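This report describes selected local features of a single structure.

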Amino acid sequence: MKKPETIELNAIGTKVKLEDDIIGTIIGINISHNNSITYQVGWWSGRSYTKDTFVPSQLVITTDEKTRIGFV
């Protein structure tokens, strides 16, 4: 039997720093071909709520908590 592959992710609800004065929250995770990961992040800018997709290298995570998930 094939050993399950494990991916380490930042959990939904994790706070991320987008810019010096903008803190967002991970609201979605997309795992696609070759286990590439993107995060959907939402944040408030004044009265407007914005959502966008980021690769992990674009985000500064404000906590060290990770979640592991496995696939067969």
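## The loop between strands 3 and 4

Asn35 is partly exposed, at 31% relative accessibility; buried denotes under 20% relative accessible area, exposed over 50%, and partly exposed the range in between (1.4 Å probe, protein chains only). Asn35 lies in the loop between strand 3 and strand 4, and its phi is near 60 degrees, a positive value in a residue other than glycine.

Asn34 belongs to the loop between strand 3 and strand 4 (36–45). Its phi is likewise positive, near 60 degrees, and Asn34 is exposed, with a relative accessible area of 65%.

## Basis of the model

The model is predicted: local features need pLDDT of at least 70, side-chain atom pairs count only at pLDDT 80 or more, and totals for chains, interfaces and linings use all residues. Residues are numbered from 1 along each chain as its sequence is written, and side-chain values use heavy atoms, with hydrogens and water left out.

Five strands form an open sheet in the order 5-4-3-2-6, with antiparallel pairing. Strand 5 (48–54) and strand 6 (60–61) stand at the edges; each has a single partner strand, so one side of each lacks a neighbour in the sheet. Strands (E, at least two residues) are DSSP runs numbered from the N terminus, and two strands pair if DSSP finds at least two bridges between them.

Strand 2 (residues 15–19) and strand 3 (residues 22–32) run antiparallel and are joined by four bridges. Glu19 has Ile22 in strand 3 as its bridge partner.

## The salt bridge

One salt bridge is found in the whole structure, the term denoting a side-chain nitrogen of Lys or Arg within 4 Å of a carboxyl oxygen of Asp or Glu. It joins the side chains of Lys17 and Asp20 (4.0 Å, N to O). Lys17 is partly exposed at 31% relative accessibility, whereas Asp20 is exposed, with a relative accessible area of 74%.
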